[in-house]
Amino acid sequence: MTDRRHVTPTRTAGGWNEEAALATSADTLGLTVADEILDGGSPARVYRTTAATGDDLVLKVLVPAPGAVDGHDLASFRHKLHQIERLRTLAPRLAAHYLPVVHFLDGDGWSACTTPFYDSADLAAPLRESPPRTGEFFRRHATLVRALVLDGYAVCSHPTPVGHLEEVVVGRFLRRLPVLRRALPEDLTTAPRITVNGVPCEAPHLALGRLTGRLAPLAPARLMAPAHGDANTRNVLWCTRPEAAEEFRLIDPRGSVEPWDPVYDLAKTLFSLSVWDPALRTGFSVHGSKHGYEVGFRQPVFPGYRAAVHRFLPHLATHEGLSFLFRDDPGWLDRLLLTHALHVLAEAPCRLSDRKPKPDLQGRESTPEALALGHYLLGTLLINDLVDRLDRVGHVDAAGHLALVTDHLPGGGS
Ligand SMILES: Nc1ncnc2c1ncn2[C@@H]1O[C@H](COP(=O)(O)OP(=O)(O)O)[C@@H](O)[C@H]1O
Ligand SMILES: [Mg+2]
């Protein structure tokens, strides 16, 4: 059971900031704060702490910036707790894999929560080893899918509302576009066409316009339980204690109890491997000239990620546990690739609200604007390719499409 409290100290002069909310949270809960953990993907600040009992807890504090994108706001933060509580009754076998929320504080304009510190590495860690342990990554991913899909998503089935993909997948980017327009170079977001890595592209909102009225064949056969909704590789913590090497814990779900599509999460994991995690770990290299933009990842990059991206979809297609899901859902593969392209695009505005330092492997920092720009450019490339392929042949060749972000990049790929 979560210890849930309202904290009512009066508003600090100038409103709450992260330092004040952190100090108040630590004080209220009697925590000694140690290091900040910089691995998260949201504007929340996350710290390792010790309680008076000696327990190691992770404290997460959110003071949202004005105009934070959906998903980075206080309501979503609070709903994460509701979602985990709901799963405890709806899908108890899956819920056993969620780290419990020990405390939840509701402040005035901020929130905070704690979870027990879990000795772990992210799901993609085996892919960064030298040589990469690709087989081990897929073994772990198959275990994750069994919990997330079979013990989670599959416990409910709901009819898919008309216009689901337009609203949830495409609309998520279009709703966030104004935030991006305020931060990216004006010529880039106002031009109807841009060239990316030598490929002439339409602006992404225009390319998406070509899909209007054509997404019905890609729609999910059904929506299912809200099992997670933000299954990036850093939200899956794999135990590093040798005696519990098969164990993992989930954290940081989307923060919604609405029925959901498992393909959205499968696409999120693919996006972690193809663009998001390489970008956060290495930074982007971007060059603009009168000929357009060249975008790639900075060096060094991880060969294991590239291999995993190419094996990911065949691995899903042959995963014995997923056959029941895909059998009557002929649009799943094109939908997964559409959702993947939109995860890349919709991440661009998210990068702007995460102001935490982002040092790459050599200590060079990436600014939020540089990370937003890289996601926007690669997303533009992907969505144009996807719409062209749907136009020309009616479906997407996954290997050729994903090679745009793994093989055909300036500097030699990801
Ligand atoms: N209880 C925990 N034990 C160990 N690591 C944690 C724990 N909670 C969070 N982390 C680490 O902190 C990161 C950020 O936490 P998360 O809640 O996912 O924040 P964000 O919303 O910013 O993504 C995680 O990706 C993970 O690396
Ligand atoms: Mg997270």
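Predicted model: local features only at pLDDT ≥ 70, side-chain atom pairs only at ≥ 80, totals over all residues.
## Ground rules

Residues count from 1 along each chain as its sequence is written, while chains are lettered from A and ligands numbered from 1 in the order in which they are written. Local features need pLDDT of at least 70, side-chain atom pairs count only at pLDDT 80 or more, and totals for chains, interfaces and linings use all residues.

## Two domains

The protein splits into domain 1 (3-116) and domain 2 (158-232 + 260-406), with bounds from an automatic or database domain assignment. Their C-alpha centres sit 28 Å apart. Each side puts 14 residues into the contact (C-beta atoms, placed from the backbone, within 7 Å).

## α8 against α11

Helices here are DSSP runs (H or I, at least four residues), numbered from the N terminus. Helix α8 (residues 262-282) packs on helix α11 (residues 332-353) at about 55°, axes 8 Å apart. Axes are lines fitted to C-alpha atoms over the stretch in contact, and angles run from 0 to 180 degrees between N-to-C directions. The pair is therefore oblique (under 35 degrees is roughly parallel, over 145 roughly antiparallel, 65 to 115 roughly perpendicular, the rest oblique).

On the α8 side, the contact residues include F271 and W276; on the α11 side, they include W332 and H343.

## α5 against α11

Helix α5 (residues 164-181) also meets α11: the axes come within 9 Å and cross at roughly 25°. These two are therefore roughly parallel. Among the residues in contact are F173 and R176 of α5, plus L342 and P349 of α11.

Terms used:
Contact = placed C-beta atoms within 7 Å.
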